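Hi everyone, thanks for coming. Let me put the structure up, and then we'll walk through a few parts of it together.

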Amino acid sequence: MPSALPDGEPAPADGTLPAAALEGFGERPFGIYVHVPYCSVRCGYCDFNTYTARELGPGAGGSDTYAATAAAELDLAAGVLPAARPVDTVFFGGGTPTLLPATDLVGLLTGIRDRFGLAVDAEVTTEANPDSITPAYLEALAEGGVTRVSIGMQSAVPHVLRTLDRTHDPAGVAVAVAAATAAGLQVSVDLIYGTPGESLADWRRSLDAAVALAPDHVSAYALVVEDGTRLAARAGGGAADR
Ligand SMILES: C[S@@+](CC[C@H](N)C(=O)[O-])C[C@H]1O[C@@H](n2cnc3c(N)ncnc32)[C@H](O)[C@@H]1O
Ligand code: SF4
């Protein structure tokens with residue numbers, strides 16, 4: 001099924017926000033989320049707004065033009081937000097933001113700093129798949145002002161990773177975490193529990209492996225079987241939209 005906009009009034013072309021959205025602006029923490037909607041492969045459980053090159057097809061606006069498009073969105077936001085306070089947190093989420101060149105993420109961060117200002121102790125995070133980052137890439141992010149990376153580990157058990165359609169090897173997570181730490185970045189890892197076929201012993205193995213990496217943070221998500229995904233089709237016999 002093609003994606004569709006939700007019911008409601010169309011978004012104003014100039015980015016105008018309703019008064020309620022601006023209430024208290026300047027008194028509350030100010031965070032900017034930059035969504036990067038690209039993945040090399042779509043995992044069968046995932047219904048996030050993300051596209052593979054195959055899904056986009058030739059000629060579609062893709063990751064090569066994304067930074068310029070996102071910078072235009074920053075201009076819209078700068079035009080409608082009162083210049084009240086610098087940004088406290090920036091989060092590059094996806095999709096897989098680390099499919100973009102490091103210069104694109106750093107350029108967008110610079111664009112945020114130039115337009116809004118960035119708090120001196122701002123937390124700047126990017127999500128990353130373990131097999132989408134290299135030591136040089138992480139160093140470039142850290143030099144450009146990124147402070148934290150959130151790595152999609154999901155499991156330490158090969159058959160669980162296979163069921164989740166993950167492209168990375170379990171050993172690659174430790175390599176990615178070590179490289180991020182060496183680059184001076186804070187590290188968080190994501191885990192998923194409740195995958196079909198995962199035993200309690202499997203889950204314990206993943207937890208033990210995550211703790212052994214000594215990350216600064218662990219997020220553990222219960223697997224949600226989202227309607228329209230390949231996982232839902234496999235679990236219930238229905239057709240998958242994506
Ligand atoms: C949108 S992903 C982005 C991170 C990166 N693309 C990756 O997968 O490694 C953020 C996290 O959401 C979680 N997630 C995505 N779909 C989920 C689902 N259906 N149930 C539970 N967790 C999910 C995964 O743990 C994933 O690491
Ligand atoms: S879980 Fe991450 S890598 Fe997998 S499709 Fe979703 S956003 Fe992409």
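So, which exposed residues does α8 carry on the face turned away from its buried side? They are L200, A201, R204, V211 and A212. Before going on, some housekeeping: this is a predicted model, where local features need pLDDT of at least 70 and side-chain atom pairs count only at pLDDT 80 or more, while totals for chains, interfaces and linings use all residues. Residues are numbered from 1 along each chain as its sequence is written, chains are lettered from A and ligands numbered from 1 in the order in which they are written, and side-chain values use heavy atoms, with hydrogens and water left out.

A word on terms. Buried means under 20% relative accessible area and exposed means over 50%, with partly exposed in between, using a 1.4 Å probe and protein chains only. Helices (H or I, at least four residues) and strands (E, at least two) are DSSP runs, numbered from the N terminus.

Back to α8. This helix covers residues 200-212, so to speak 13 residues, and spans 18 Å from first C-alpha to last, close to the 18 Å expected at 1.5 Å a residue (the expected span is 1.5 Å times one less than the number of residues). Its buried residues are D202, W203, S206 and A210. What covers them includes β4, α6, β5 and β6. Just after the helix, A214 takes a positive phi of about 55°.

Next, α7, residues 170-182. Here V173, A176, V177, A179 and A180 are buried. They fall within an arc of 165° seen down the axis, so they line one face of α7. V175 and A182 are exposed on the other side. The buried residues pack against α5, β4 and β5, where contact means heavy atoms within 4.5 Å. After α7 comes G184, with a positive phi near 90°.

Now the pockets. On a 1 Å grid over the protein atoms alone, a pocket is an open set of points where a 1.4 Å probe fits, with protein on both sides within 12 Å along at least five of seven lines, and lining residues have an atom within 4 Å of a point. Grid points are joined across faces, edges and corners, and a volume is the space filled by probe spheres set on the points.

The largest pocket has a volume of about 800 Å³. It is lined by 38 residues, with Y45, C46, F48, Q154 and D190 nearest its centre. Which strand gives the most to that lining? It's β4, with four residues. The lining divides into 15 nonpolar, 14 polar and nine charged residues. For those classes, Ala, Val, Leu, Ile, Met, Phe, Trp, Tyr, Cys and Pro count as nonpolar, Asp, Glu, Lys and Arg as charged, and the others, Gly among them, as polar.

The second largest pocket holds about 640 Å³ of space. L17, Y33, E73, A77 and L81 are the closest to its centre among the 25 residues that line it. Helix α3 gives the most to this lining, with seven residues, and the lining splits into 18 nonpolar, five polar and two charged.

How values were computed. The arc is that of the directions from the helix axis to the C-beta atoms.
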